[in-house]
Amino acid sequence: MAVTTTLKSITNRAVLFAETNGRIALVPKALLDPRRPTIPTPEDRQEQLIPYSPQLTLAPMSYVTYNKTLQDIRGMITGVTGLESTSLLFVYGTDLFFTRVTPAKTFDMLNEDFDYYLIGLVLLGLLFGTIVTQALAENKALNKKWK
């Protein structure tokens, strides 16, 4: 068992469990919260508490080992990366397994199809607009002093 760690601990933590069948499960901390209500009230929903269930049902995507089976897992080590949303996981035993884990998805990464040119044009437009409005404001102030 291990807990994900991040650089500034902003990302929600998740617990990593090694199962006897050789898989590693990533369980969000919200599923292990002891305050989970059986019937959520509006206050519970506002706190984003998940309704209680006696069994933890994990989606197939919750397993970080994908379709791999690890033999004789002896331990897990987690580490930080330069990205706040990502944590590193190293599992050792008979097999060695290394992967990156994103408990809160990749909220601090840009998509591959991100349009850098559009952002550049928008920034240039804002810079141009700032310069133009500054010049207009100076002219207006000068004209006001002459009156």
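Y92 counts as partly exposed, at 32% relative accessibility. On this scale, buried means under 20% relative accessible area, exposed means over 50%, and partly exposed lies in between (1.4 Å probe, protein chains only). The model is predicted: local features need pLDDT of at least 70, side-chain atom pairs count only at pLDDT 80 or more, and totals for chains, interfaces and linings use all residues. Residues are numbered from 1 along each chain as its sequence is written, and side-chain values use heavy atoms, with hydrogens and water left out.

**Aromatic rings**

Y92 has a ring partner, F90. Rings of Phe, Tyr and Trp (its six-membered ring) pair if their centres lie within 6.5 Å; planes under 30 degrees apart count as stacked, over 60 as edge-to-face and the rest as tilted. The count comes to 2 aromatic pairs.

| Pair | Centre to centre | Angle between planes | Type |
|---|---|---|---|
| F90 and Y92 | 6.2 Å | 25 degrees | stacked |
| F114 and Y116 | 5.2 Å | 75 degrees | edge-to-face |

F90 is partly exposed, at 29% relative accessibility. F114 is also partly exposed, at 33%. What about Y116: buried or exposed? Y116 counts as exposed, at 54%.

Another ring, that of Y63, has R23 over its face, at 3.8 Å from the ring centre. A charge sits over a ring if NZ of Lys or CZ of Arg is within 6 Å of the ring centre and within 35 degrees of the ring normal.

**The sheet**

An open sheet is built from 3 strands in the order β1-β2-β3, with antiparallel pairing. β1 (2–3) and β3 (24–28) are the edge strands; each has a single partner strand, so one side of each has no neighbour in the sheet. Strands are DSSP runs (E, at least two residues), numbered from the N terminus. Two strands pair if DSSP finds at least two bridges between them. β1 and β2 (residues 14–18) are joined by 2 bridges. A2 has L16 of β2 as its bridge partner.

**The cavity**

The structure has 1 cavity of 30 Å³ or more. A cavity is a set of points on a 1 Å grid over the protein atoms alone, where a 1.4 Å probe fits but cannot get out; lining residues have an atom within 4 Å of a point. The largest cavity holds about 30 Å³ of space. Its lining consists of T4, T5, T6, S9, T11, N12 and R13. By class, this lining has 6 polar residues, 1 charged and no nonpolar.

Definitions and conventions: Helix = DSSP H or I, 4+ residues; strand = E, 2+ residues; numbered from the N terminus. 1 Å grid on protein atoms, 1.4 Å probe; cavity = no way out; pocket = protein on both sides within 12 Å on 5 of 7 lines; lining within 4 Å. Points joined across faces, edges and corners; volume = space filled by probe spheres on them. Nonpolar A, V, L, I, M, F, W, Y, C, P; charged D, E, K, R; others polar.
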